[in-house]
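Subject: Structure for your review

Dear colleague,

Please find below the structure that I am handing over to you.

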Amino acid sequence: MGRADAGMKLAAFLYPTGYHVAAWRHPDVPADAGVNFAHFTQLARTAERGLFDFLFLADSVAVRGTDLPALSRTAIRYVAQFEPLTLLSALAAVTERIGLVASATSTYNEPYHLARKFASLDFISGGRAGWNLVTSSNGDEAHNFGLDAHPEHGERYGRAREFAQVVKGLWDSWEDDAFLRDKDTGLYFDPDKLHVLHHRGEEFSVRGPLNVPRTPQGHPVLVQSGSSDVGRELAAEIGEVVFTAQPTFAGAKAFYADVKARAARKGRSPDALKVMPGIFPFVGRTQREAEARYEQLQALIDPVVGLSLLNGLLPGVDLSAHPLDGPLPEVPQVQGSWSRQNLIVEEARRRNLTIRQLYLDIAGSRGHWQLVGTPERIADELEVWFREGAADGFNVMAPYLPGGLDTFVELVIPELQRRGLFRTRYEGRTLREHLGLRRPEHVSRRSHGRSAVAG
């Protein structure tokens with residue numbers, strides 16, 4: 001657990017302007033970052049210079065449209081930004097080694113579409129693609145797909161599980177050496193190495209085969225982000241990287257042990273699953289400089305935005321009806337991101353925060369581990385979590401971009417390298433090689449297809 005010889009894993013989480021809710025108002029942040037390809041190119045190259053394992057793009061297929069005064073003042077809610085797979089395909093052409101991971105929801109997609117897109121990205125990037133499997137929690141997404149509300153939480157995860165099975169089956173439509181492309185014989189592929197899925201399940205009926213060959217990695221890396229009980233089960237079953245929000249060492253260590261144990265019970269090696277909590281770091285050459293960077297962004301939080309953000313994270317209660325400087329009222333558990341909701345409520349109770357204090361806190365880290373300090377202090381904290389079985393690595397959520405990523409690469413990475421915790425060069429070319437994950441063997445899940453194949 002957290003073995004130093006395995007090497008710490010690092011992802012660069014790229015919200016366009018940065019993870020902080022007010023990042024777009026920072027004077028050094030391009031306000032049009034979401035549709036500024038030069039900006040993303042700079043970020044990708046900086047992360048690659050820092051030897052990060054991969055870039056990570058979150059996504060939502062809706063604008064949160066119910067609170068327009070707050071919506072107009074924040075840049076974090078998917079209002080104006082690129083579709084992530086399109087963006088990663090372009091970034092593949094301007095990078096060489098760094099992995100490329102994007103979220104795509106199983107709630108409002110079809111398996112064949114996503115299997116084809118991520119397989120294509122794996123070819124375009126030379127084996128650097130990863131899919132973050134999520135179930136939709138933004139209620140406004142339902143309205144864009146003919147529904148008034150999301151399916152029930154357990155139903156969404158049931159669909160996600162079968163969705164992943166179908167995608168993996170489609171990625172195994174062809175054996176690695178199926179395509180002969182022999183111009184002399186006229187044989188394009190070996191028919192004995194084509195496998196038609198013929199999947200029929202509760203959620204999907206998918207014949208296959210996929211019209212993309214088996215990819216450089218065999219399968220793109222599967223990432224999973226749910227921390228609820230059903231989310232942990234899915235991570236243990238199919239996840240190769242697991243993202244989680246864990247603000248305390250005790251909580252992170254318990255989560256790490258639980259997910260690894262669940263994976264072992266399913267017959268998987270615990271090392272086949274990398275747990276990467278999110279971190280929200282403010283880095284300065286001195287403690288005072290780091291704190292000044294934190295206070296600069298906190299001062300830019302619009303109260304309308306802060307309260308709206310908290311209302312969105314805690315659905316089921318209208319916080320505007322309660323005194324801002326009073327305690328958090330009882331919050332009912334409703335459909336949505338249950339694990340994050342519980343985390344926020346528990347943190348408010350533990351620290352006895354008022355509603356105002358809570359939204360100021362959440363508007364920054366939003367439930368993730370916040371670090372404010374020098375490179376040495378931040379490296380100290382990361383080293384403890386890594387060595388003592390709370391993390392295999394971290395998803396670095398720079399507060400503002402590009403500056404927050406620049407300082408992490410310039411100051412923290414060298415300190416981690418000095419301690420022997422992080423690589424000093426890329427040794428592999430694929431994302432699986434970076435993460436120490438095996439290339440999956442081909443699995444024939446159904447019958448062979450025997451179509452005519454001669455050219």
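This is a predicted model: local features need pLDDT of at least 70, side-chain atom pairs count only at pLDDT 80 or more; totals for chains, interfaces and linings use all residues.

Helix packing

Helix 1 (residues 37-49) and helix 3 (residues 84-92) have axes that come within 10 Å and cross at roughly 60°. On the side of helix 1, the contact is formed by Phe37, Phe40, Thr41 and Ala44, and on the side of helix 3 by Leu87, Ala90 and Leu91. By class, these contact residues comprise 6 nonpolar, 1 polar and no charged.

The next pair is helix 9 (residues 303-313) and helix 11 (residues 355-365), whose axes cross at roughly 85° and come within 9 Å. These two helices are therefore roughly perpendicular to each other. Helix 9 contributes Pro303, Gly306, Leu307, Leu309, Leu310 and Leu313 to the contact, while helix 11 contributes Ile355, Leu358, Tyr359, Ile362 and Ala363. This contact has 10 nonpolar residues, 1 polar residue and no charged residues.

In the last pair, helix 12 (residues 375-387) packs against helix 13 (residues 403-418) at an angle of about 55°, and the axes are 9 Å apart. Helix 12 and helix 13 are therefore oblique to each other, and helix 12 passes helix 13 in a right-handed crossing. Pro375, Glu376, Ile378, Ala379 and Leu382 of helix 12 meet Phe408, Leu411, Val412, Glu415 and Leu416 of helix 13. The residues in this contact divide into 8 nonpolar, no polar and 2 charged.

Cavities and a pocket

How many cavities of 30 Å³ or more does a search of the whole structure find? The search finds 4. The largest cavity has a volume of about 80 Å³. Its lining consists of Leu14, Tyr15, Pro16, Phe40, Leu57, Ala58, Asp59, Gln81, Phe82, Pro84 and Leu87. Of these lining residues, 9 are nonpolar, 1 is polar and 1 is charged. Phe40 and Leu87 in this lining also take part in the contact of helix 1 with helix 3.

The second largest pocket has a volume of about 360 Å³. It is lined by 18 residues, and the closest to its centre are Lys168, Glu240, Arg268, Arg438 and Pro440. The lining of this pocket includes 9 charged residues, together with 7 nonpolar and 2 polar ones.

Points of the backbone

Most peptide bonds are trans, and most residues other than glycine have a negative phi. Where are the cis peptide bonds described here? One joins Gly208 and Pro209, with omega of about 0°; Pro209 is in the loop between strand 8 (205-206) and strand 9 (221-224). Another runs from Leu401 to Pro402, with omega near 10°. Pro402 is found in the loop between strand 13 (393-397) and helix 13.

Arg181 has a positive phi, near 50°, although this residue is not glycine. Arg181 is located in strand 5 (residues 179-182).

Yours sincerely,
A colleague

Methods: Residues are numbered from 1 along each chain as its sequence is written. Side-chain values use heavy atoms; hydrogens and water are left out. On a 1 Å grid over the protein atoms alone, a cavity is a set of points where a 1.4 Å probe fits but cannot get out, and a pocket is an open set with protein on both sides within 12 Å along at least five of seven lines; lining residues have an atom within 4 Å of a point. Grid points are joined across faces, edges and corners, and a volume is the space filled by probe spheres set on the points. Ala, Val, Leu, Ile, Met, Phe, Trp, Tyr, Cys and Pro count as nonpolar, Asp, Glu, Lys and Arg as charged, and the others, Gly among them, as polar. Axes are lines fitted to C-alpha atoms, for helices over the stretch in contact, and angles run from 0 to 180 degrees between N-to-C directions. Helices (H or I, at least four residues) and strands (E, at least two) are DSSP runs, numbered from the N terminus. Angles under 35 degrees count as roughly parallel, over 145 as roughly antiparallel, 65 to 115 as roughly perpendicular and the rest as oblique. A crossing is left-handed if the near helix is turned anticlockwise from the far one by less than a right angle, and right-handed if clockwise. Contact means heavy atoms within 4.5 Å.
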